[in-house]
Amino acid sequence: MKTYFQRLGRSLQLPVAVLPAAALLVGVGFWWAAADNGFIARFLQAGGNAILTQLPLLFAVGTALGMAKDKDGAAALAGLVAFEVPTNVLKTSSVATLMGIKVSAVDPSFAAISNVFIGIMSGLIAAALYNRFHETKLPMALSFFSGKRLVPILAAVVMLAISAVLLVVWPPLYHALVVFGKFIVGLGPLGAGIYAFCNRLLVPTGLHQALNSIFLFNVAGINDIGKFLAHEGPKGVTGMYQAGFFPVMMFGLPAGAYAIYKNARPERKKEVGSLMLAGAFASFFTGVTEPLEFSFMFVAWPLYVLHAFFTGLSMAFAAFMHWTAGFSFSAGLVDYVLSLKNPIANHPLMLIPQGLVMAAIYYFGFNFAIQKFNLMTPGREPVTDEDADDAQVSIQTSDTDDKYSIQAKKIYIAIGGVDNISAVDNCTTRLRLQLKDTDKIDEGAIKRSGAVGLNKLDKVNLHIIIGTEVQFVADALSKLFNEKTPLSTLENTAEKEPEAKSVATPTDSSIKSAVTSEFYSVAEGQYMNIEDVNDSTFSQKMLGDGFAIEPKTGEITSPVDGTVSTVFPTKHAIGFTTDSGLEILLHMGIDTVELKGKPFDVKVTDGQKVKHGDLVAHVDLQAIRDAGKQTPMMVIITNMDAVSLLKFKAVHNPITPEVKVLEATTK
């Protein structure tokens, strides 16, 4: 049952994802109307409202597609058919004809038969029919209607029968939903606060989307998003289930992220800072909070409960003050700006000072809780030997792989491949996986793949939080799963990033004892201690000891006299072997494997003899920077077990390629 509701929560994201288009059209229309209340403004608003009036239909199609096993279009068509049958058979005029009564005598509930609740129900039934019958083979005479063609036909028949049931059941059910809606609305600000508190508590399970459908759409008569975008209802009331999210997502959570950063250990502040900054920006600008929330909801769950309470407090206060604004996607800066000119927004600018107050509450509240209860938020856990273990997932890459494909491959290996995967889905920010056994996953490898966090819901359900680019990772992961890619074709057969070669031991016959090899700068630029490189794999000397150069030009030369042993397929790294047997890795830039060789023009080949100072590559440094990467050139001895003595040359000024940097003597 939990698995079913997990899939339902994910499926509801499909129709919700259409709402930003409506919000953009309506919002721009309102801004345009403020300047010139003419044809263009009305035209844009009409386009947005065209989407909003079809929300029940969108939920029927989206739910059917999302709940179908293989997300086939036949399921979506069945969802459309399943929705059209009851909404047309049971509309007021049709019921009057069926019952032989006047239209005015028909129960008013049938005027609301076309709603999100009916849409979701129709989608679920259509998906169930698709999953059960899409491979059914009929007798030869009826074979044209076999398989997927059969599903919409069955949907029409089944929904006709359900329409007969709804003819009796719908009036009391509808009135019960209205009573529930009136009860929540009757609680006023308290009801809004309870909703927001429960909304955050349900985020770890993904079921908050089901709760949202009650308050934000027309299931129980509340329809807060629809009414706000259509500027309907009492001013200062419409939008009360949305407004309080803006101070939290734009101000509160980013302030909480800063508190987490401030309490991180000094040696972990850099990595925690990048994580918190990315999450805080996503929360402020788009209202996507999951990358930030998942970073602490499990490792410091009391802090997450405090966050849920603060969210409820913000929602209740905004509702109490009748400050309203609305969104279509989430309560970030984009939706906030679009809602400012909506005629029904009430004192929306007051949400800014409320946000500043919430920022203070979040910062001091988080800071106190973390220190008082010693909560293990990101960066407060001690450094262990396990953290110093490279343990990068070794995968085979190709020239067509981008960073999403590479991350998907790492996750695929870490969760056990096709033998342990049942289904791959995703929502806005997370992979929603059904596995055969979640105990078989490698949690450390998943995190090292670049995932923000993960949540093992039970024995078979796993969420991996990726961020707003999750769709690309999910597509790549689905491809691996659908093609039943064997793990043996991905792991231990190709490049490890950034490791280049296996480590040789002093007993290796290729090692010559007591030989001193000289290492030279690889470019004109500034010398860096390897400990100062902004990559823990290098700075913690996981691959070996060495040095780095921050280059001024892209002319890269050999650091040693020896032989080129490896030119990586992605051209970002070159391996050398000295005459004494030392194995050297020249790694050009940080995380540049993702650039698939584009900035690198390698001038040497495997087996080529080189002298220090020989040109080995021309690197487009600006292209690396434009891609958001860093340009240090790292020179690493990967078989340090063979080294008895390292002697570094003191360098205080910018150096030239002919300056000796260190000497390494073999055992």
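Predicted model: local features only at pLDDT ≥ 70, side-chain atom pairs only at ≥ 80, totals over all residues.
Local features need pLDDT of at least 70, side-chain atom pairs count only at pLDDT 80 or more, and totals for chains, interfaces and linings use all residues. Residues are numbered from 1 along each chain as its sequence is written, and side-chain values use heavy atoms, without hydrogens and water.

Start with the sheet. Seven strands form an open sheet in the order S6-S7-S15-S11-S10-S9-S13, with antiparallel pairing. Strands are DSSP runs of E, at least two residues, numbered from the N terminus; two of them pair if DSSP finds at least two bridges between them. Strands S6 (525-529) and S13 (609-610) stand at the edges with a single partner strand each, so one side of each has no neighbour in the sheet.

Now take S15. Six bridges join S15 (residues 630-637) to S11 (residues 583-590). Here Leu586 stands opposite Val635, and Leu585 opposite Ile636. Strand S7 (residues 545-551) pairs with S15 over five bridges, again antiparallel. Val635 is the bridge partner of Phe547. Seven of the eight residues of S15 are buried (under 20% relative accessible area; exposed is over 50%, partly exposed in between; 1.4 Å probe, protein chains only).

Turn to the rings. The structure holds 20 aromatic pairs (Phe, Tyr or Trp six-membered rings with centres within 6.5 Å; planes under 30 degrees apart are stacked, over 60 edge-to-face, the rest tilted). Tyr363 and Phe364 have ring centres 5.1 Å apart and planes at 80 degrees, so the pair is edge-to-face. Phe364 counts as exposed because its relative accessibility is 57%. Elsewhere, ring pairs link Tyr195, Phe215, Tyr241, Phe245, Phe246, Phe327 and Tyr336 into a cluster.

Key
Helix = DSSP H or I, 4+ residues; strand = E, 2+ residues; numbered from the N terminus.
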